[in-house]
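Welcome! Please take a look at the structure below and keep it beside you while you work.

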Protein chains: 6
Amino acid sequence: MLYLTRREHFNGAHRLFNPNWTDEQNDATFGKCANKNWHGHNFDLYVTVKGLPNPDTGFVINAHDLSSILKKEVLDKLDHKNFNVDVHELKGVLPSIENIVQLIWKWIVPHLKGCQLHCVKIIETENIYVEYYGE
Amino acid sequence: MLYLTRREHFNGAHRLFNPNWTDEQNDATFGKCANKNWHGHNFDLYVTVKGLPNPDTGFVINAHDLSSILKKEVLDKLDHKNFNVDVHELKGVLPSIENIVQLIWKWIVPHLKGCQLHCVKIIETENIYVEYYGE
Amino acid sequence: MLYLTRREHFNGAHRLFNPNWTDEQNDATFGKCANKNWHGHNFDLYVTVKGLPNPDTGFVINAHDLSSILKKEVLDKLDHKNFNVDVHELKGVLPSIENIVQLIWKWIVPHLKGCQLHCVKIIETENIYVEYYGE
Amino acid sequence: MLYLTRREHFNGAHRLFNPNWTDEQNDATFGKCANKNWHGHNFDLYVTVKGLPNPDTGFVINAHDLSSILKKEVLDKLDHKNFNVDVHELKGVLPSIENIVQLIWKWIVPHLKGCQLHCVKIIETENIYVEYYGE
Amino acid sequence: MLYLTRREHFNGAHRLFNPNWTDEQNDATFGKCANKNWHGHNFDLYVTVKGLPNPDTGFVINAHDLSSILKKEVLDKLDHKNFNVDVHELKGVLPSIENIVQLIWKWIVPHLKGCQLHCVKIIETENIYVEYYGE
Amino acid sequence: MLYLTRREHFNGAHRLFNPNWTDEQNDATFGKCANKNWHGHNFDLYVTVKGLPNPDTGFVINAHDLSSILKKEVLDKLDHKNFNVDVHELKGVLPSIENIVQLIWKWIVPHLKGCQLHCVKIIETENIYVEYYGE
């Protein structure tokens, strides 16, 4: 079994706040991330698939094909977007990277052929990242 | 003459658009950066000062003092903010990093003692950065 | 299950030598790392916790809370310290990063609530790092 | 169980093409990587071993010894080489990093004492890497 | 005056050897880089332009336009190429990064409008880079 | 004129304190860096030389020769050393990176032939670096 990882990049704006809470509760929990006028990040996305190399190509998956899937299924929906406002599937969901990696997992799985999705990882800042293995 | 550089980090949201232009003109020039619901970035700020080392400390400037100045004069105004909405001095100004480095220069200069400001640099993505030397 | 990783940073001095060995044995095994006047490193600490996101926050753990735990339980004990001299729990222990990650594991575990410690990783140089998963 | 990782670096040239295919098929699958005059990369190699720290040294393996093994068993065979032409074991094999990590695994295993090989990882570009765990 | 830098990336193969020299002279000077079957690198290209921000856009140059120029004038000629064989302008020239940055300078200058070329920089490995300022 | 930069790496321990000051003054100025039992860092050294490429080699300087000079003249004196104790030329000098880059300049200059020293830069942490241009 070989594991191949492809990195992509997207930028976006979001706001972390719980509409069921008071402003004081939101500020105490989310701090500056609750700014009502939004803030944003550069997000690095690492997607890992696993499988056996195809003997004709030497590839688990052609990295250019994986990149095309990620651009169409993920980046077109998230890049330069406001996650709270512009992303249908995040309506009513806190747009933490914990919730976003699970959404990306669902978006990618149906499009992979000949290999399995292993991990979706998002680096939000150089100090924080989240990984999801599908269960 | 020695040059000391201190890095700080801030996140923010912005929108690049010219209110005197049509939506079509804005889209043609700014592309996804014109998204009306904002997008954002992780910004790395590098501030370089120059001077002679103080013989008592070996420092051009105490890097902790420089960091304190940057936190108070720059990061408190920009970190986790919407540059178009939350930053008084950017009202009516396109919040490109070209314009932001010039503003940061003005904010820092009055607070440096015993050394001169040499360069303000902002890295917006791993592919784009801007530098300003004060003239 | 989601995995969240927080990076922190500390600097320190140490010396790798075995007091039961001759200087020749120490030099043969530890080379320059046995310098009796110490040497040091920048250490990057990556701590990974796992759990389910809290539906109220979207977080496995609030990264600011995790950072506070790491600052109090780890960095206050190791940052800008001499690991052989200043760290009580390392007395009589070779201060290799293999031994330090195990110590950090013990320091952190009692302070995590609502999630489990998954991995402690230290990067000693860009060419060497160690990971510990608790068993 | 502790996991220690050592990074090494090598450069090389290769060409991705399948001799049983037409030029059109090769271009469609491998694109620019099929250039008949070769292209090349900087490859970062990360080798992870696992084991218990030796109480006399604090080490799972002495990182300098691991580096020596990697230089002799891997870098002498791959560094500044043409993988299609200069590497005996890659004759008739597509020199994808999927195939190269498996070869490196075989080269290293016989030379490790007191610890087990856990992972061989090659970073081909900042956007693509492959990992192999031996099965 | 503002300085904007755009990064691009290309891979390539080359061989450093002087056809007027013996193999021994070439080996003594270029070492492994003289391998007759080629080797290669990942090259990071940083191009810096200087000028005044356009008041309508806030930009010294639209970074997407600069990227388009670099893709057409530089990457189409160098990416995934053999510099000794595939690049007309490098025939008879040692394809060191010193010589390549000068060639890139000539390729870019005629295509910049409203700003001046300031620096062309190539990073060949994490340990070596070259900069050219046009004189 | 071309500018070539070579990176090298060294680790070391140091203590920042002024022997003419009280402990309180030292703590107020140097904070944790005044720890009497030392602390340390990974230091990245970037040395830039300038000159015309040699037509026989394409090189401003052979990067391997520059590396040999740096290993002999700089790294043998600083790597895995205690800067306050082990380095003769730093006796009585505050071992700040401002003072160390000037010392490295003096060490390198006599050994360069066919090119000029342009800049000595040390990165002490990812947040602080110093550059010296010889005047």
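This is a predicted model: local features need pLDDT of at least 70, side-chain atom pairs count only at pLDDT 80 or more; totals for chains, interfaces and linings use all residues.

Residues are numbered from 1 along each chain as its sequence is written, chains are lettered from A and ligands numbered from 1 in the order in which they are written, and side-chain values use heavy atoms, with hydrogens and water left out.

**Exercise 1.** Find where helix 2 of chain F has a kink, and work out what its buried residues pack against.

*Solution.* 
- Step 1: Go to residues 63-78 of chain F, which form helix 2. Helices here are DSSP runs of H or I with at least four residues, strands are runs of E with at least two, and both are numbered from the N terminus.
- Step 2: At the start of this helix, a side-chain oxygen of F:Asn62 comes within 2.9 Å of the backbone nitrogen of F:His64.
- Step 3: The kink is about 40° and is centred on F:Lys71; the bend is the angle between axes fitted to the seven residues ending at a residue and the seven starting there.
- Step 4: Look for buried residues (under 20% relative accessible area, 1.4 Å probe, protein chains only). Among them are F:Leu66, F:Ile69, F:Leu70 and F:Glu73.
- Step 5: The buried residues pack against strand 5 (128-132) of chain E, and within chain F against partners including strand 1 (2-14) and helix 4 (97-108).

**Exercise 2.** Describe how chain B meets chain A.

*Solution.* 
- Step 1: Using contact (heavy atoms within 4.5 Å), 22 residues of chain B touch 22 residues of chain A.
- Step 2: The buried area, meaning the accessible area (1.4 Å probe) that two parts lose on being put together, summed over both, is about 1,800 Å², with 42% from carbon and sulfur atoms.
- Step 3: On the chain B side, B:Asn37, B:Asn42 and B:His80 lose the most area to chain A, together 30% of what that side buries.
- Step 4: Count the salt bridges (a side-chain nitrogen of Lys or Arg within 4 Å of a carboxyl oxygen of Asp or Glu); there are four. One of these joins B:Asp79 and A:Lys32 at 2.5 Å, N to O.

**Exercise 3.** Is B:Thr5 buried or exposed?

*Solution.* 
- Step 1: Locate B:Thr5 in strand 1 of chain B.
- Step 2: B:Thr5 counts as buried because its relative accessibility is 1%.
- Step 3: Beyond its neighbours within four places in sequence, B:Thr5 has contacts that include B:Tyr46, B:Thr48, F:Ile128 and F:Tyr129.

Technical notes. Buried means under 20% relative accessible area, exposed over 50%, partly exposed in between (1.4 Å probe, protein chains only). A polar contact is a pair of N or O atoms within 3.5 Å; within protein, one must be able to donate a hydrogen and the other to accept it, and residues adjacent in sequence count only if both atoms are side-chain atoms.
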